[in-house]
Amino acid sequence: MIVAYTVSFLYILGQLLPTALLFRFLKAGSDFERQEGESPLRPEGISALMPVKGPEPHLRENIRAILEQDYDGAIELVLAFQDANDPELTLAEEIATRYAEDPSRQVKILRGLPSLGLNFKNSNLAHAARA
């Protein structure tokens with residue numbers, strides 16, 4: 001008989017506890033209501049790291065896709081080139097110049113990076129993460 005009461009009690013508790021937690025979270029959420037048009041949070045800036053090695057057929061489109069996102073916070077793009085004479089550096093410098101006037105969009109170019117292993121793109125990515 002005690003087992004039956006215990007099982008019934010646990011069943012009822014299992015049914016009521018999620019409901020009680022739901023009401024608690026709904027009440028907590030109502031404390032954070034905001035006025036129309038005001039955002040309670042300021043968007044944080046983000047950094048995108050892009051290792052580049054050799055010819056990249058869609059580099060311009062890839063960079064544009066990052067920098068032209070509909071995001072209110074600042075976006076920093078770090079382009080990492082191992083070879084100081086990489087053919088894509090010209091394009092990267094052109095894009096960096098185009099966005100130089102926009103304080104919410106920054107383009108950093110790292111060039112002539114030493115190798116940190118056998119995989120050049122991973123090596124460039126490691127350098128970009130440190131920048």
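This is a predicted model: local features need pLDDT of at least 70, side-chain atom pairs count only at pLDDT 80 or more; totals for chains, interfaces and linings use all residues.
Contact, in this presentation, means heavy atoms within 4.5 Å. Residues 24 or more positions apart account for 72% of the contacts in the chain with a separation of 6 or more.

Residues are numbered from 1 along each chain as its sequence is written, and side-chain values use heavy atoms, with hydrogens and water left out.

Let me begin with the overall layout. The chain holds four helices and three strands, where helices (H or I, at least four residues) and strands (E, at least two) are DSSP runs numbered from the N terminus. Their order from the N terminus on is α-β-α-β-α-β-α. Of the 131 residues, 27% count as buried; buried means under 20% relative accessible area, exposed over 50%, and partly exposed in between, with a 1.4 Å probe and protein chains only.

I turn now to a pair of helices. Two packed helices are described by the angle between their axes and the distance between the axes. What are these values for helix 2 and helix 3? The axes of helix 2, residues 59-67, and helix 3, residues 89-98, come within 11 Å and cross at roughly 25 degrees. Here the axes are lines fitted to C-alpha atoms, for helices over the stretch in contact, and angles run from 0 to 180 degrees between N-to-C directions. Helix 2 is therefore roughly parallel to helix 3, a term used for angles under 35 degrees, with over 145 counted as roughly antiparallel, 65 to 115 as roughly perpendicular and the rest as oblique.

Which residues make this contact? Helix 2 contributes Leu59, Arg60, Ile63, Arg64 and Leu67, and helix 3 contributes Leu91, Glu94, Ile95 and Arg98.

Next, the buried side of each helix. In helix 2, Leu59, Ile63, Ile66 and Leu67 are buried. Seen down the axis of helix 2, these buried residues fall within an arc of 90 degrees, so they line one face of the helix; the arc is that of the directions from the helix axis to the C-beta atoms. Their cover includes strand 1 (46-52), strand 2 (75-81), helix 3 and strand 3 (105-110).

In helix 3, the buried residues are Leu89, Leu91, Ala92, Ile95 and Ala96. Viewed down the axis of helix 3, they fall within an arc of 160 degrees, so they too line one face. The face turned away from the buried side of helix 3 carries the exposed residues Thr90 and Thr97. Helix 2, strand 2 and strand 3 are among the elements that cover the buried residues of helix 3.

Tyr99 lies in the loop between helix 3 and strand 3. Is Tyr99 buried or exposed? Tyr99 is buried, with a relative accessible area of 11%. Leaving aside residues up to four places away in sequence, Tyr99 touches Arg64, Leu67, Glu68, Arg105 and Val107. The C-alpha atoms of Tyr99 and Leu67 are separated by 8.8 Å, although the two are 32 residues apart along the chain.

Finally, helix 4, residues 120-130. Its buried residues are Ser123, Asn124, His127 and Ala128. They cover an arc of only 140 degrees around the axis, which puts them on the same side of helix 4. On the other side, Ala129 and Arg130 are exposed. The cover over the buried residues of helix 4 includes strand 1, strand 2 and strand 3.
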